[in-house]
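Here's a quick tour of the model you have open. Take a look at the overall fold before reading on.

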There are 2 protein chains.
Amino acid sequence: MKRGDEEIDSGFVERLAGFLGFDEERVQHLFEKIYLARNWGKHDYLFRFDKEISRIERGTVLYEKGDSFEVIMGFPKIRRAMVLDPTLKKHFSGLEKITVEEKMNGYNVRVAKVKDDILAITRSGYICPYTTEKAKEKLDLKFFDDFPELVLYGEMLGPDNPYVPKEIYGIDSVEFYIFDIREKNTGNPLPISKKHEILEEYGFLQVECFGEFPLHTAAEQITKIIRELGKKEHEGVVIKDPDMILAPLKYTSSQSNCSDLRHAFRFYNEAGRDYMLPRIVREGFQTVEWDENEAEFKKRYMQLGESILRPLRESIQSVKNGQRLYEEVRIRVKDPKTATEFENYLKRLGVDAIFEEPQPIGNEYLINIKKINKSTNDKTQAIWEGELW
Amino acid sequence: MKRGDEEIDSGFVERLAGFLGFDEERVQHLFEKIYLARNWGKHDYLFRFDKEISRIERGTVLYEKGDSFEVIMGFPKIRRAMVLDPTLKKHFSGLEKITVEEKMNGYNVRVAKVKDDILAITRSGYICPYTTEKAKEKLDLKFFDDFPELVLYGEMLGPDNPYVPKEIYGIDSVEFYIFDIREKNTGNPLPISKKHEILEEYGFLQVECFGEFPLHTAAEQITKIIRELGKKEHEGVVIKDPDMILAPLKYTSSQSNCSDLRHAFRFYNEAGRDYMLPRIVREGFQTVEWDENEAEFKKRYMQLGESILRPLRESIQSVKNGQRLYEEVRIRVKDPKTATEFENYLKRLGVDAIFEEPQPIGNEYLINIKKINKSTNDKTQAIWEGELW
């Protein structure tokens, strides 16, 4: 059979159908619609789900192993509590205690051993060459020999993260903070205590754990945590069943909503409307849940207004002044070849990016990258040239 | 042929196809898809376009007349200038002067003579029984005898307007302000001078005309007008070719954007995301176009933030307190039968409204109406009951 410009042989389709428990026709259909897509280049043995199919998360990756297949499940979507009380009591009913961990604001990545190679797999199921190099450099790889059946689920954080660069965590370049360990194939997570034990054993960095809280007082305690996190511009928390049987929930700070909005409105024609509105509505629920007085409320709506309008103004003004809109990010590599690979990778994904000359720093190279925001740029420029909305 | 639960006879389809210059099949298809729909009740001879089809605007209405048909074209969509300069110069290039009229914030309505009856036709092409009664009461109907081929395009304004009630125009109950006169069938508008002449002759109220301005200084002059309108919470302006050959443009005040946002965020789950975002982005363009300093900018973003967050907070708090969310509007009728007809009409349109007991006022009745905002209400209540977003 043919999919796009490449052949998927029918024996493969048959084996995969058997493994997934699908009809062969259904598997062929997945390939035709590119819901299931083959990687390119040296990792072309890898297939990723580009859509959620029958409870297999989008971004799930699979490949042949021996007579069968091995699967690395995607990141489960974490649902949001709009208000803590009564949502936590309802969602976690039956539990005595819940665990609260920090939700860090970085780039989601799974790291696993795949056919004797260590790979960093993005949320969408791509193999990022830069993230892979960094993961190999930063993580104790012995873990993958000892536990070849386990996958690290974490965040790449820090200023040399070319996706979500943040200075707020006091990281010099990039680090990997792990939040879950899951089994291959089933995707089952380890209980939190077991996860801590293994992560400590191998010296992995892990997202901060604020501890276990009785369910009936958790909302109050999480509110305090969120207020403190907000002061540091940190994102929020993930609230988990200690046994990792019930699905986790997330809850975020106002500062994180505003920070998302600042980014979204800077590139107002790129960011989805479905991205912006919920972040605004959350502010409404939080101010009511926190029973804010008029002064607190005023502070909140000023922050909201400014988070929206200042980046909008800056972008519109920049384009008026003849500048192009872009995001500045950077990477730090030991081998300039990794930068070239990363450049090709972004091109393949359709990202419009300009890589500047590598600058030596210690025994590494810093490379500044301008990611062009063509849609907002073109729209804004057209308006300044007299086009209608 | 059959459409929904009613028969459209094939002779009619044939005649209509001939009139529109469409294939019969195409006309049948329009009926099947309900892109072309028949009115109900006593105006069931009327058909309306529920979608824009081949440059026939949505809301266009037609009916048989003699051997042929008569058409009342819909409201042409007026495009928006995001910035005045250079948009006006580009859009109206070739003109010496342009006319600036106030854009009033009411309910769009066409009034015309249809088969010896005077009807008020809504933007979507329905016949509103309340608006029709009011139009007959308020307008000099001799106009329609003298000019049966002309249609008034205007706004129903004032506090007894159950769609867009506004107190800002100093109107006691409702009034009709006319902004265009157009011919039946072609939809061609009269030149502005001719329009003024006729409107004055029959004593019709008309939207304020700020005058004609030279194209090269218009942006500056309109900016002044907009600032003044904004102070009164008025909406904005429509900028027209005096001969009505080039399409008009609209431009609105910041206060009008914020007022729209206040309404939209009060019923945040009803109002479309595509409605909110452009109103926010306009604020960005206006602050740059007006070259605002930090103090002016701060005032603008505070207003924006408050316009968004205060109504959100009020709605969320109301639902938390166990109240239902609704919009309070009212109508004023001479005959309670009109209220009953209007209630049935809203029901037919799927509007969830509670009509209170008529209160006598002079020789008329005031009837308060609660329009229920079910979607926002249910969503907010679910969240307070611990549902996830």
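What radius of gyration does chain A have, and why does it agree with a compact globule? This is a predicted model, and chain A comes out at 22 Å; a compact globule of 389 residues would sit near 21 Å, so the two agree.

The C-alpha trace of chain A spans about 65 × 60 × 50 Å along its principal axes.

| Property of chain A | Value |
|---|---|
| Residues counted as buried | 55% of 389 residues |
| Accessible surface | about 17300 Å² |
| Share of that surface from carbon and sulfur atoms | 45% |

As for secondary structure, chain A has 12 helices and 20 strands. Among contacts between residues at least 6 apart in sequence, 66% join residues at least 24 apart in chain A. On the charge side, chain A carries 60 positive and 69 negative side chains, with the centres of the two sets 4 Å apart.

Now for a stretch with an annotation. UniProt, in an unreviewed entry, puts "domain: RNA ligase" at residues 97–252 of chain A. Over residues 97–252, chain A is 27% helix and 35% strand, and the end C-alpha atoms are 20 Å apart.

Over in chain B, let's zoom in on one residue. B:Thr223 sits in helix α7, which covers residues 215–231 of chain B. Is B:Thr223 buried or exposed? B:Thr223 has 16% relative accessibility, and because the cut-off for buried is under 20%, B:Thr223 counts as buried. Leaving out residues up to four places away in sequence, B:Thr223 touches B:Leu84 and B:Trp290.

Methods
Residues are numbered from 1 along each chain as its sequence is written. Chains are lettered from A and ligands numbered from 1 in the order in which they are written. This is a predicted model: local features need pLDDT of at least 70, side-chain atom pairs count only at pLDDT 80 or more; totals for chains, interfaces and linings use all residues. Side-chain values use heavy atoms; hydrogens and water are left out. UniProt positions are given in the numbering used here, feature names are shortened, and annotations may be inferred rather than shown by experiment. Helices (H or I, at least four residues) and strands (E, at least two) are DSSP runs, numbered from the N terminus. The radius of gyration is taken over C-alpha atoms; the globule rule is 2.2 Å times the number of residues to the power 0.38. Buried means under 20% relative accessible area, exposed over 50%, partly exposed in between (1.4 Å probe, protein chains only). Contact means heavy atoms within 4.5 Å. Accessible areas come from the Shrake-Rupley method with a 1.4 Å probe; for residues, only the protein chains shown count as cover. Lys and Arg count as positive and Asp and Glu as negative; His and the chain ends are not counted. The place of a charge is taken as NZ of Lys, CZ of Arg, CG of Asp or CD of Glu.
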